[in-house]
Structures are given as C-alpha cells and as structure tokens.
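My plan was to look things up one at a time and jot down what turned up.

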Amino acid sequence: MLDGQVAFAAKKTSRRGEILNDLPDRISDIVIFVGVAHSGLMNPLIGYWAAILAMLTSYVGLFGQALGVHRQFGGIMSKPWRMVALHVGAWLTFFRAPQSSATFTIFDWTCLVIIAGCVETIVVRLKRITAALQDKR
C-alpha cells in the first residue's frame with residue numbers, strides 16, 4: 001500500500017504501476033491463505049474458501065474501474081483488514097495451546113470471520129459500483 005501512496009503523492013502513477021501494485025497483492029492473498037490452510041492448524045477447506053473470497057473481494061473492487069467509475073476499496077474486509085485479522089489469529093494461536101478436542105480452531109474461526117467479512121465487503125462494493133453507474137447515466 002505504501003508504494004502506491006508514494007507514487008500518488010509524487011504524481012508518478014501509471015497503468016503499469018497499477019498492475020505492479022495489484023498483482024503481487026493477489027498472489028500474496030493466495031500464498032498466505034493456502035499456507036495457513038496447509039499449516040495443520042485448521043481445516044484446509046475453510047482456508048481455501050478464505051483465499052477464494054479474498055480474491056473475489058479484490059476482483060469486485062476492480063469492477064468499478066473497469067466500467068469507467070471509481071475503483072472500490074470499501075467494506076470491512078479489504079486487504080489490510082484481512083491481514084490484520086489473520087495476524088491476530090496467528091498471535092492467538094501462538095499464545096494458546098492447541099486444543100485437539102475443539103471442533104474449530106482459532107485459525108478456523110479467524111478464516112470464517114474473514115469469509116463473512118469478504119461477503120459483506122463484496123456486497124458493499126457492488127452496491128457502490130451500481131449506484132455510481134446509475135449516477136453516471
């Protein structure tokens with residue numbers, strides 16, 4: 001996020017820069033959530049769904065820009081907040097002894113919260129894009 005803000009402040013933004021800014025974020029979403037899914041500390045299926053919805057959330061944010069209105073960054077589970085949630089889940093997992101009898105682990109709950117937040121974020125972004133498209137007419 002910092003590199004994009006620096007480019008914007010220096011008035012050196014470009015379409016190429018948008019690709020260089022966005023593509024690594026999408027790759028990191030996949031790598032991070034698939035890594036957590038295969039950590040052995042959670043149900044892998046939940047981790048994969050978190051990865052899928054993280055990608056979909058970002059993709060929906062780009063719809064507005066692709067359709068000629070502003071790109072949408074809103075919602076409660078944008079990229080920075082997904083990483084904060086996962087970070088908190090990692091620290092809670094680290095400090096709490098693993099519970100083999102638990103139905104859901106801390107990482108399971110963390111990813112379920114991220115999934116729910118991504119769904120809310122997708123809805124918010126789609127509503128804003130739809131409203132912006134109607135205003136553009």
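Below are my notes on a helix, some charged pairs, some rings and the cysteines.

**Entry 1: before starting**

I reminded myself that this is a predicted model.

**Entry 2: helix α3**

I began with helix α3, which runs over residues 44–66 and has 23 residues. From its first C-alpha to its last it reaches 33 Å, and that is close to the 33 Å expected at 1.5 Å a residue.

Next I looked at the start of α3. A side-chain oxygen of Asn43 comes to within 3.0 Å of the backbone nitrogen of Leu45 there. After α3 comes Gly68, and I noted its positive phi, near 95 degrees.

Which residues of α3 are buried? I wrote down Ile46, Gly47, Ala50, Ala51, Leu53, Ala54, Thr57, Ser58, Val60, Gly61 and Gly64. Then I wanted to know what covers the buried residues of α3. The cover includes α2 (15–37), α4 (79–95) and α5 (106–136).

**Entry 3: salt bridges**

How many salt bridges are there? The count comes to 5. I went through some of them by name.

Arg71 and Asp22 meet through their side chains, at 2.9 Å from N to O. Arg71 sits in the loop between α3 and α4 while Asp22 sits in helix α2, so this pair ties together parts that are 49 residues apart in sequence. I also checked Asp22 for burial: its relative accessibility is 12%, so it counts as buried.

Arg26 and Asp29 make another salt bridge, at 3.9 Å from N to O. These two are 3 residues apart in helix α2, which means about one helical turn separates them. Are Arg26 and Asp29 buried or exposed? Arg26 is buried, and Asp29 is buried too.

Asp29 turned up again with Arg82, in a salt bridge whose closest N and O atoms are 3.0 Å apart. Here Arg82 is in helix α4 and Asp29 in helix α2, so the pair links parts 53 residues apart in sequence.

I then asked which residues are linked in a network of salt bridges. The network holds Asp22, Arg26, Asp29, Arg71, Lys79 and Arg82.

**Entry 4: a closer look at Arg82**

I went back to Arg82 to see its surroundings. This residue of helix α4 has a relative accessibility of 1%, so it counts as buried. What does Arg82 touch, not counting residues up to four places away in sequence? My list reads Arg26, Asp29, Phe33, Ala54, Thr57, Ser58, Met77, Ile114 and Cys118. Ala54, Thr57 and Ser58 were already in my notes as buried residues of α3.

**Entry 5: aromatic rings**

I searched for aromatic pairs, and the structure holds 5. In one of them, Trp91 and Phe94 have ring centres 5.7 Å apart and planes at 85 degrees, so I put the pair down as edge-to-face. Trp91 and Phe94 are 3 residues apart in helix α4, about one helical turn.

How exposed are these rings? Trp91 counts as partly exposed at 43% relative accessibility. Phe94 is exposed, with a relative accessible area of 60%.

Trp91 also pairs with Phe95: the centres lie 5.6 Å apart and the planes meet at 20 degrees, so this pair is stacked. Trp91 and Phe95 are 4 residues apart in helix α4, again about one helical turn. Phe95 counts as exposed, at 65% relative accessibility. Trp91, Phe94 and Phe95 together form one aromatic cluster.

**Entry 6: cysteines**

How many disulfides does a search of the whole structure find? The search finds 0. Cys111 is in no disulfide, and the nearest cysteine sulfur, that of Cys118, lies 9.7 Å away. A disulfide needs the two sulfur atoms within 2.5 Å. Cys118 is likewise in no disulfide, with Cys111 holding the nearest cysteine sulfur.

Cys111 is buried, with a relative accessible area of 0%. Cys118 is buried as well, and its value is also 0%.

Definitions and conventions:
Residues numbered from 1 in each chain as written. Predicted model: local features only at pLDDT ≥ 70, side-chain atom pairs only at ≥ 80, totals over all residues. Heavy atoms only, no water. Expected span 1.5 Å × (residues − 1). Buried < 20%, exposed > 50% of the residue type's maximum accessible area, 1.4 Å probe, protein only. Contact = heavy atoms within 4.5 Å. Polar contact = N/O pair within 3.5 Å; in protein donor to acceptor, adjacent residues only side chain to side chain. Salt bridge = Lys/Arg side-chain N within 4 Å of Asp/Glu carboxyl O. Phe/Tyr/Trp six-rings, centres within 6.5 Å; stacked < 30°, edge-to-face > 60°.
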